[in-house]
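Below is a briefing on one protein model, arranged by topic. Please read it beside the sequence and the structure.

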Amino acid sequence: MGLLAIIGGSGFTSLPSLTLLESKPVETPYGATSAPVTRGRLAEREVLFLPRHGPSHHLPPHRINYRANLWALRDSGAERVIGLAAVGGITPDFGPGVLAVPDQVIDYTHGREHTIHDGISGGVDHIDLTEPYCESLRQALIEACTRVGEVAIAQGTYGATQGPRLETAAEIRRYERDGCDMVGMTGMPETSLARELGLCYASLAFVVNWAAGKSGSIITMKEIEENLALCVDRVLAVLETIAVT
Ligand code: HPA
């Protein structure tokens, strides 16, 4: 199995159970990564870790340098990448506390540097994204969930929104009509860049709120943070299990 990298999102600016081996800045053709790339041991297996919002969670979703992050992980030897994703739940099964391994994505983001095939540095190319996630890593995540006693939803469509604001109820109704089960702000262009760079990428999503208009009340950061806190140890257990597979 190739070297595994974990991209931490909200709630995961660090991995508490990671034993640090090295942390170093990586230069990329696209500028600075969100943070130095950390090399460490998770459950006795060497992994890479990068918090996409930065070490102090200072980068909003639209200002993350996704190209630099993915490039740096590959340059550091990563072959497989797990993107952690706090999401809002849209369809009835995707309530707060649910873990899910999405199998499809719809991109509603705009204005982000979203490709390495920009016609400047690498010429024109068109990658296939029919199945946007790496199926072997998706299955490994689903199995790891089962092994730690979690019943993860094994598929679902992730809607990637621009943020940093949350959505209107009408936007969420539209995303639901489009087929989205969950909504988050960082899944794209992270997913497609990983494919462009030849990385095996999958996402482990955890629901931290009902999306706008789905619960009868407005969404508060307090609610999101409380649900996030309930997911952290469960997600860590899955990562520790997958690190040894
Ligand atoms: N919308 C978009 N992104 C999110 C949400 C949401 O409701 N919750 C967590 N990330």
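Leaving out residues up to four places away in sequence, His53 is in contact with Gly9, Ser10, Thr13, Ser34, His58, Leu59 and Ile64; contact means that the C-beta atoms of two residues, placed from the backbone, lie within 7 Å. The model is predicted: local features need pLDDT of at least 70, side-chain atom pairs count only at pLDDT 80 or more, and totals for chains, interfaces and linings use all residues. Residues are numbered from 1 along each chain as its sequence is written.

- His53 sits in the loop between strand S4 (45–51) and helix H1 (66–75); helices (H or I, at least four residues) and strands (E, at least two) are DSSP runs, numbered from the N terminus.
- His53 counts as buried because it has 21 C-beta neighbours inside 10 Å; the cut-offs are 20 or more other C-beta atoms within 10 Å for buried, 12 or fewer for exposed, and partly exposed in between, with C-beta atoms placed from the backbone.
- An unreviewed UniProt entry lists Ser10, Arg52, His53 and Thr186 under "binding site". These residues are spread over 177 residues of sequence but cluster in space, with a largest C-alpha distance of 10.1 Å.
- UniProt positions are given in the numbering used here, feature names are shortened, and annotations may be inferred rather than shown by experiment.
- Ser10 lies in the loop between strand S1 (4–8) and strand S2 (19–24). Ser10 is buried, since 23 other C-beta atoms lie within 10 Å.
- Not counting residues up to four places away in sequence, Ser10 touches His53, Ala86 and Leu228.

**The second annotated site**

- Met185, Asn209, Trp210 and Ala211 are also listed by UniProt for "binding site", in an unreviewed entry.
- Met185 is placed in the loop between S9 and H4, and counts as buried because it has 26 C-beta neighbours inside 10 Å.
- Apart from neighbours within four places in sequence, Met185 is in contact with Pro61, Ala160, Thr161, Gly163 and Pro164.
- Asn209 belongs to strand S10; with 24 C-beta neighbours inside 10 Å, Asn209 counts as buried.
- Asn209 touches Gly88, Pro96, Ile219, Glu223, Ile224 and Asn227, residues up to four places away in sequence not being counted.

**Helix H4**

- Nine of the ten residues of helix H4 (residues 187–196) are buried.
- The buried residues of H4 pack against H1, strand S5 (80–89), strand S7 (104–107), strand S8 (157–160), strand S9 (182–184) and S10.
- Gly198 follows H4 and has a positive phi, near 75 degrees.

**Nonpolar core**

- The largest nonpolar core has 75 residues, and those with the most contacts inside it are Ala5, Ile6, Leu141 and Met182. Such a core is a set of buried Ala, Val, Leu, Ile, Met, Phe, Trp, Tyr and Cys residues joined through C-beta atoms within 7 Å.
- Strand S10 (residues 200–210) gives the most to this core, with nine residues.
- Among the residues that Met182 touches, not counting those up to four places away in sequence, are Val87, Ile90, Phe94, Tyr158 and Val207.

**Helix pair H2 and H5**

- The axes of helix H2 (residues 135–147) and helix H5 (residues 221–243) come within 8 Å and cross at roughly 115 degrees. Axes are lines fitted to C-alpha atoms, for helices over the stretch in contact, and angles run from 0 to 180 degrees between N-to-C directions.
- Ala140, Leu141, Ala144, Cys145 and Arg147 in H2 meet Val238, Thr241 and Ile242 in H5.
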